[in-house]
There are 2 protein chains.
Amino acid sequence: MMVTTQAGKIAKLKIIPLGGFGNYGKNMLVYECEGKILIVDCGIMFPEEEMLGIDFVIPDIRYLEENKDRILGIIFTHGHEDHIGGAPYIWPKLRVPMYATNLTAGLIEVKFKEFGIENVPISRFNPGDSLKIGPFEIESFKVTHSIPDSVGFAIHTPLGLIIHATDFKFDYTPIAGQATDMGKLALYGQKGVLALLSDSTNIEVPGYTASEMTLAATFDQIFRDAKGRIIVTSFASLINRIQQVLNSAHKYQRKVAVSGRSMENNIEIASRLGYLKIPEGTLVDLRNINRLPDNEVVILCTGSQGEEYSALVRMASGEHRQIKIKKGDSVVISASPIPGNEGAIHDVVNNLFREGATVIHGKKVDIHVSGHAGADELKLMISLTKPKFFIPLHGEYRHLVQHAQLAQKLGMPAEHTMVVEDGNIIEFYSADEAEISKSRVPSGYVLIDGLGVGDVGNIVLRDRQAMAKDGIFVVILTVDHRTGQIVTSPDIISRGFVYMRAAEDLIHGARAEIKKMFVAHNHKYPMNWEYVKKALRDEMGEYLYEKTQRRPMVIPVIIEV
Amino acid sequence: MMVTTQAGKIAKLKIIPLGGFGNYGKNMLVYECEGKILIVDCGIMFPEEEMLGIDFVIPDIRYLEENKDRILGIIFTHGHEDHIGGAPYIWPKLRVPMYATNLTAGLIEVKFKEFGIENVPISRFNPGDSLKIGPFEIESFKVTHSIPDSVGFAIHTPLGLIIHATDFKFDYTPIAGQATDMGKLALYGQKGVLALLSDSTNIEVPGYTASEMTLAATFDQIFRDAKGRIIVTSFASLINRIQQVLNSAHKYQRKVAVSGRSMENNIEIASRLGYLKIPEGTLVDLRNINRLPDNEVVILCTGSQGEEYSALVRMASGEHRQIKIKKGDSVVISASPIPGNEGAIHDVVNNLFREGATVIHGKKVDIHVSGHAGADELKLMISLTKPKFFIPLHGEYRHLVQHAQLAQKLGMPAEHTMVVEDGNIIEFYSADEAEISKSRVPSGYVLIDGLGVGDVGNIVLRDRQAMAKDGIFVVILTVDHRTGQIVTSPDIISRGFVYMRAAEDLIHGARAEIKKMFVAHNHKYPMNWEYVKKALRDEMGEYLYEKTQRRPMVIPVIIEV
């Protein structure tokens, strides 16, 4: 099963990123050893700006489908969307065993249920447990992240130990008690680490990420001072943050109601599995919340990213069934914007202010800490594990390069820091020799739009982009199938180009022009409709551009009757 | 000319914002006194995210057009696009005198020339000069901003003094020597100020904005350490920043070439008018730059916002004719992202890293300072001028509210802090009494798309948004005009919905379905095409949604032959 490379060397270990290298989200990585494949994570990402109308993006798994019989399973680091969200799309095509910690497994199961898939084989393990999957001996180690039950993996291979560390931070006072296992990491470093793969998300953030604990004082202060209702929004998966809100509410004798399906689901799972401690009598039904005095009310809700239809967005626009924003409300946005969401969040904040609420958001008050390690923590990770090779993961290209440069500053030789993107193949020939292969596996973005997975590609997207910019201009010509002459006046259907009712002159002129163009070209190549249509498209496009300096998509249609 | 309000009181002074209150950009404000109108600024803004295909946005000036004979003129605070960019569109409709400082006037003239408008009447004044325009006695006062020759206005009215302060910061060591005139402001405060209008841009930024001077050390360090070429991008209007780059280049014996039209234009005007001192022999032609050794080269270019076709974007994508990015290049992005541009800027940075450059960007290194006052400077402005009324300007709604709250924290009564949005009318009845009128003037966004000014409205935008999301699906039915029966098989034209070649089954099924629907509805109301088309649109929409969970815009077309 070993593959001979172009250099004639034999790769004893391969690392193949399929997602999260050169982009955020859709995290997925392949380890390949003795002909067997181990997959880590299976994430989903939000579409980029230019991917108009797309719901989600998942990794391209053609390489896995072609090598299905060699796959041993998928192990998950934690339960965030960008690590588990692709599973319900991808697992049915692979049907391999899955391995996850309790909370992560619970969240995966909910996803599968939403897709109508029952009885998926997920083996549960506890953070710190060891697993043997084919040739891979895997030790999990605890890490702190913004969701409980997060782990990293120490993977023993014949060539040495690989540390897979994502996502993590070093938090000495995490709310829910799980600190990153520095002892284990240091021990690995002592024994010798072949390669470290480490989270590049916050490489551009200097210093250390603050502890979740630092927020407790802020929440207490807000809860102590607020005279009216308190409305808190955060990521639904940020269980520790939800715990803090519950704690402060309990302390200041407030009841908490929850609004937003993902928030409700996650609270249910996390409390059922013991990751969230709900003080008795604190949680109340949203429908009963208006009966309580304002200063006894907390509403925990979705919408921290300004998502359409989320609870907070509906409140801000006056469309929430139970909650109307009013003067005296304090709204706390306990999250940072995911790049691209800034505009939507600002709209929500503006609307909340318009309705009379006080909004606590942004960086003026400490109401959010990141779940990812800052640059100095990343140095700590490298210094503890002392890897021979360093592979930055999870980030856009600039993050990966800067993370590699950081490792070089710590003394690693540049040729041992490997910046790779999705589809690259890192080949290890021995414990001392590795290189990035010149060949690649299929990679890239598989777009999900409604029920379609992968059917929307560049052509459909380009059409959407063109119509988004300048609209469409359809010209319908009905011609006699014997004579090739126009039967009726051309019909023009246009949307998103000009306001038709106010553009009668333009349309009138265009119609006359089309007839002339048609006659001329039909004369040149009689009834060669492909030729005539192309000529009409080009010339009508120029005509409209000259009149408007807009370039609608021009589509001539010729109907023979 | 005085207007009786609903309360029967007579407004002796009115302040009417037409742009920049509740939004950024397109700044424009009307002062009205003794029946005369004075306009301050005339800006342009970039379209918001949902304004697909729109080039720019300018203020709605219907109120001004209706009251043209009462307008005395437009005075400008400074030469940024969001304060002068609307002039070439709006001035031709008003044809009133304009007043501006030298650099601002120069920049306005360039704009008008680009529009083919010559000989516009701009009266020039120096910062600190006084002007008498009808009943308005206006003293200009120097302010520091990120473009030279910026001023604020102290406007004497029969009811008292109004301070119009935007955009400004308090910089005790500005590069080009113009500090905000604190002495004058304090003096006004001593004499008594009726109302202060002050810039809310950075209300969410605590503390003081750093001085432009603080960047000199960073630039010197970068220029000292760089072994290869240095490529600096910034806002073309940031003349002081350009001065710093020229200074550091001169100090470290490098030549500077300029790439990007707006950068070239602004350097030409600013140096001609004496606002930019170019050390002799420093500036060289871009075409000769490749003959110099890399460590003697600086390239100053446009593209700090990741603008399509800008010099830096073309360099990053390998499409710049003269400059190819290579290993050893240091690229400095000396600007902060305008909200909404983050994605485009990150793409550029990633591409530059891919080409081997080192990119200095973001907040890790001090390479940019804002031109707007931080929260503590805003307190200073209020404390110096001690106004009776406070009107926050220039910001989204949340900025205005928070700025008003800041004034209240300084002791101003809430009813004297007036949060207004574009189209509101503030009426002063006496030196002690003012209120926000219940009536409004027309306001809002006038969209510019190609040659069209204001012709693209909500209908066109909604169509663009719909097609951007799920595409379009045009169904063409040719029917016999006597019998009402279908003559040929329905034609389907679709773009941006599904990839047609891979969706033959769907299209085939849809075509069969359309025939059935047509027959049924044509049977119900024979040849009532409006009814049939509506029914087809609804039912075909549902059919396609059920098959794809996408909602393309469905357009049935019936052609009688």
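1. On the ground rules: residues are numbered from 1 along each chain as its sequence is written, while chains are lettered from A and ligands numbered from 1 in the order in which they are written. Because the model is predicted, local features need pLDDT of at least 70 and side-chain atom pairs count only at pLDDT 80 or more, whereas totals for chains, interfaces and linings use all residues, and side-chain values use heavy atoms, with hydrogens and water left out.

2. On chain A by itself: its secondary structure comes to 15 helices and 27 strands, where helices (H or I, at least four residues) and strands (E, at least two) are DSSP runs numbered from the N terminus. The C-alpha trace of chain A spans about 85 × 75 × 45 Å along its principal axes. Of the 561 residues in chain A, 59% are buried, a word that here means under 20% relative accessible area, with exposed meaning over 50% and partly exposed in between (1.4 Å probe, protein chains only).

3. On the relation between the copies: chain A can be laid on chain B with an RMSD of 0.1 Å by a turn of 180° and a shift of 0.1 Å along the axis, the superposition being by least squares on the C-alpha atoms of residues with pLDDT of at least 70 in both. The two copies are thus related as by a two-fold rotation axis. In chain A, the C-alpha nearest this axis belongs to Ala468(A), at 2.4 Å.

4. On the size of the interface: 59 residues from chain A and 59 residues from chain B take part in the contact, contact meaning heavy atoms within 4.5 Å. The copies meet through the same surface, since 100% of the interface residues of chain A are also interface residues in chain B. Between them the chains bury about 5,200 Å², 59% of it on carbon and sulfur atoms; buried area is the accessible area (1.4 Å probe) that two parts lose on being put together, summed over both. In chain A, Lys364(A), Arg398(A) and Arg550(A) lose the most area to chain B, together 11% of what that side buries.

5. On charged pairs across the interface: there are 6 salt bridges between chain A and chain B, each being a side-chain nitrogen of Lys or Arg within 4 Å of a carboxyl oxygen of Asp or Glu. One joins Arg550(A) to Asp449(B), at 3.3 Å from N to O. Among the elements of chain A that each supply at least two residues to the side touching chain B are helix H12 (397-409), helix H13 (458-470) and helix H15 (529-548). H13(A) gives the most to that side, with 8 residues.

6. On one residue of helix H15 in chain A: Leu544(A) is found there and counts as buried, at 0% relative accessibility. Leaving aside neighbours within four places in sequence, Leu544(A) is in contact with several residues, including Phe473(A), Phe497(A), Leu506(A) and Arg550(A).

7. On a salt bridge within a helix: the side chains of Glu268(A) and Arg272(A) meet at 2.9 Å, N to O, and both residues lie in helix H8 (residues 261-272) of chain A, 4 residues apart, about one turn of the helix. Glu268(A) is partly exposed, with a relative accessible area of 40%, whereas Arg272(A) is exposed, with 55%.
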